[in-house]
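Work through the exercises below with the model open. Try each task before reading its solution.

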Amino acid sequence: MTGKERIAEQSRQWLWESFLDLLKQTDYAQITISKIAQHAELDRRTFYRSFRDKQDLIDWYIKNTIIAYHEILSKENPADLKTEDGIKLIFDFWWQQRQSLSILIQNDLASRFLTFWEPDANEWYQTFNTPWHINGSQKEITYIMTYSTGGFWNVIQHWLGSEDPDEPEQMATVMVKTLRQLSKSFGESSV
């Protein structure tokens, strides 16, 4: 990254932080590009060099967060990762994002995560091959990933959108317990 690129990235980060600060105290519709730039002590032109509008700023954060999430997962060897440890890793990552996410969730602005997450979900399913994956058709995998990413994202929003979210370890324990019970129920049923 060149010096100019680092400065541009730092400006984007300042604009994001400014937007979040404003969103804590102002309705989304009332926040203008001028207010974001002014609060960040930057010029409006600086905003428009990187973003078209406020939604584009939110999308920038979402895309970067998903990239960081995938980078964390790609550092792990799925064959060596116990299910419990994998779930804990996932909740630890999202816990680190809780300040930004909780503000987005409280303002009904976090649902776009799925817009960016789902299109790449099948590819990630193939890349991050865990023991619970099936060798199904592309159609089956699409259904599985749509179901699991949607359900998981709802858990994240409920968890981090609450006033006093549980620690990641507690969430991982609950999810492991739930998945074990779900697995057990399928073993006992005639399905």
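## Exercise 1: a surface patch

Leu 179, Leu 182 and Phe 186 make a nonpolar surface patch of about 280 Å². The model is predicted: local features need pLDDT of at least 70, side-chain atom pairs count only at pLDDT 80 or more, and totals for chains, interfaces and linings use all residues. Residues are numbered from 1 along each chain as its sequence is written, and side-chain values use heavy atoms, with hydrogens and water left out.

Task: state in which helix Phe 186 lies.

Solution. Start with the patch rule: members have over 30% relative accessible area and no salt bridge, with nonpolar side chains (Val, Leu, Ile, Met, Phe, Trp, Tyr) joined within 5 Å and like charges within 9 Å. Areas come from the Shrake-Rupley method with a 1.4 Å probe, and for residues only the protein chains shown count as cover. Then locate the residue: Phe 186 lies in helix 10 (residues 168-188).

## Exercise 2: the fold in outline

Task: find how many helices and strands the protein chain has.

Solution. Apply the definition: helices (H or I, at least four residues) and strands (E, at least two) are DSSP runs, numbered from the N terminus. The protein chain has ten helices and zero strands. Its C-alpha trace spans about 65 × 35 × 30 Å along the principal axes. Of the 191 residues, 39% are buried. Buried means under 20% relative accessible area, exposed over 50%, and partly exposed in between (1.4 Å probe, protein chains only).

## Exercise 3: the span of helix 9

Task: compare the reach of helix 9 with its expected span.

Solution. The expected span is 1.5 Å times one less than the number of residues. Helix 9 (residues 138-161) has 24 residues, and 34 Å is expected. From first C-alpha to last, helix 9 reaches 33 Å, close to that value. Its buried residues include Met 145, Phe 152 and Trp 153.

## Exercise 4: aromatic contacts between helices

Task: classify two aromatic pairs and say what they link.

Solution. Rings of Phe, Tyr and Trp (its six-membered ring) pair if their centres lie within 6.5 Å; planes under 30 degrees apart are stacked, over 60 edge-to-face, and the rest tilted. The structure holds 20 aromatic pairs. Trp 94 and Phe 113 are edge-to-face, at 5.7 Å centre to centre and 75° between the planes. This pair links helix 5 (residues 83-96) to helix 7 (residues 112-117), its members being 19 residues apart. Trp 94 is buried at 0% relative accessible area. Phe 113 is also buried, at 0%.

Trp 117 and Trp 153 are edge-to-face too: 5.8 Å centre to centre, 75° between the planes. Trp 117 lies in helix 7 and Trp 153 in helix 9, so this pair ties together parts 36 residues apart in sequence. Trp 117 is buried at 6%, and Trp 153 at 0%.

How values were computed
Salt bridge = Lys/Arg side-chain N within 4 Å of Asp/Glu carboxyl O.
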